[in-house]
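Have the model open and follow along.

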Amino acid sequence: AHFLCDMTFTSSRVEPAHAEVIGASRTSLTHTVAAVVECKNGCGWTAASGYSTCCKSCCGESGPHARTCKRNNHRVGLKRRNQFRSKATLDQQEEAMKFAVSEAKNAVSGALMMDALSVFIEVEWLNGHEAVKGNIYRAVAFGSMSWPSRTSSVRTNVKFMGAALIWLIQIFGPLVMLVTLSSGGQSWSYMALGHLGTRFGDKLLSFLLIIAFQLNVIFFVESEGASHEQTNQLFTYLACRSKKNTSERVLQIGAATKCYLYVMSCFCTTLLLGQAESTKDVLFDALGILFLYNLDTISASDLNFVGEEDWPGHHLGWMHDRLSKDKEEDTSTSRGCGHLLFRTTYWIVIVQSVLMPLLFISTDFGDHSA
């Protein structure tokens, strides 16, 4: 019993010298964590050195952020967590990250590159990194969807043919719709406001849906433009031009298809809702247009030929953040023609957001009384 008491007393006793060391360590650690200065806008990134925000572009929780923001700053949570890790642990993790990047770059095909991303990138690293948005065009361009061949499985060939059909539907769908609506045999009267008095409720609902659709398209153009720029930079950073089953041309075709679809959908929505015969037609026509330009989106379309397993968005998001912090890479030269295409589309849609509601109000598309 005396022995146990002595052992208990000894184990709970701390020497003065040791206590000073522990106290100094805790003080140093607390000071280090407190030294992490957050952006005052609450975006989750650290503030730039000598400033209260992460970058000049940041306006709030959702940004936006400058191109160099990810390169110069860190996620607040990740920065705080790393303060508790030893230098040896951080160095070991950095070597593992460099090895993952090297394996992805040195893969001989797009499929092997996607496998390398899934195998060598730890799940722990993905915390705090936003996923890169994907669609069927990007999945084909990066090689995660194999091109059809006699040796491929039936499922692989069907997936590719389904993706090709979605592209054809998105190309010809708005065009056929626009031609059909324009040549439907109805006489249009311009600058005629009398049609607003008939079925006023349907007209008001159509007008509100047209405005909402235009705003939604503006949001999507800006979002898709940023995603395309990310994928274009990753295509260059991962040396995809030298890999098998990858295609930069498909990546650019996808960008052109999306921009064409956004512009044409704005016209088609106005004509469709202008010629709608009932409240049900108004709602279903608007939803039909939304269905059309979301056909290619991964896991957001009912025709789900491409799933999340074909597009590791979070892994590519981590890789893009890694690219942004690699000061040896000049990402500003990797924009390509897709950037100009999306910027042009953005301003076209801005103009349409003003003209299309005015066209709907000032045009009598014919007598479509229920």
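## Ground rules

Axes here are lines fitted to C-alpha atoms, for helices over the stretch in contact, and angles run from 0 to 180 degrees between N-to-C directions. Helices (H or I, at least four residues) and strands (E, at least two) are DSSP runs, numbered from the N terminus.

Keep in mind that this is a predicted model: local features need pLDDT of at least 70, side-chain atom pairs count only at pLDDT 80 or more, and totals for chains, interfaces and linings use all residues. Residues are numbered from 1 along each chain as its sequence is written, and side-chain values use heavy atoms, with hydrogens and water left out.

## Helices α8 and α11

Helix α8 (residues 154-182) packs against helix α11 (residues 279-293) at an angle of about 150°, and their axes are 10 Å apart. That makes α8 and α11 roughly antiparallel (angles under 35 degrees count as roughly parallel, over 145 as roughly antiparallel, 65 to 115 as roughly perpendicular and the rest as oblique).

Who's touching whom, taking contact as heavy atoms within 4.5 Å? From α8 come Ile169, Gln170, Pro174 and Met177, and from α11 come Ile289, Leu292 and Tyr293. Sorted by class, the contact has six nonpolar residues, one polar and no charged ones (Ala, Val, Leu, Ile, Met, Phe, Trp, Tyr, Cys and Pro count as nonpolar, Asp, Glu, Lys and Arg as charged, and the others, Gly among them, as polar).

## Salt bridges

The structure has four salt bridges, each being a side-chain nitrogen of Lys or Arg within 4 Å of a carboxyl oxygen of Asp or Glu. One of them joins arginine 322 and glutamate 94, at 2.5 Å from N to O. Arginine 322 sits in helix α12 (residues 313-325) and glutamate 94 in helix α5 (residues 87-106), so the pair ties together parts 228 residues apart in sequence. Arginine 322 is buried, at 18% relative accessible area, while glutamate 94 is partly exposed at 28% (buried means under 20%, exposed over 50%, partly exposed in between, with a 1.4 Å probe and protein chains only).

Another pairs glutamate 224 with arginine 138 at 3.0 Å, N to O.

## A bridge to a loop

Lysine 258 and aspartate 296 also form a salt bridge, with their closest N and O atoms 2.9 Å apart. Lysine 258 belongs to helix α10 (residues 248-274) and aspartate 296 to the loop between α11 and α12, so parts 38 residues apart in sequence get tied together. Lysine 258 counts as buried at 2% relative accessibility, and aspartate 296 counts as buried at 1%.

Methods. Contact = heavy atoms within 4.5 Å.
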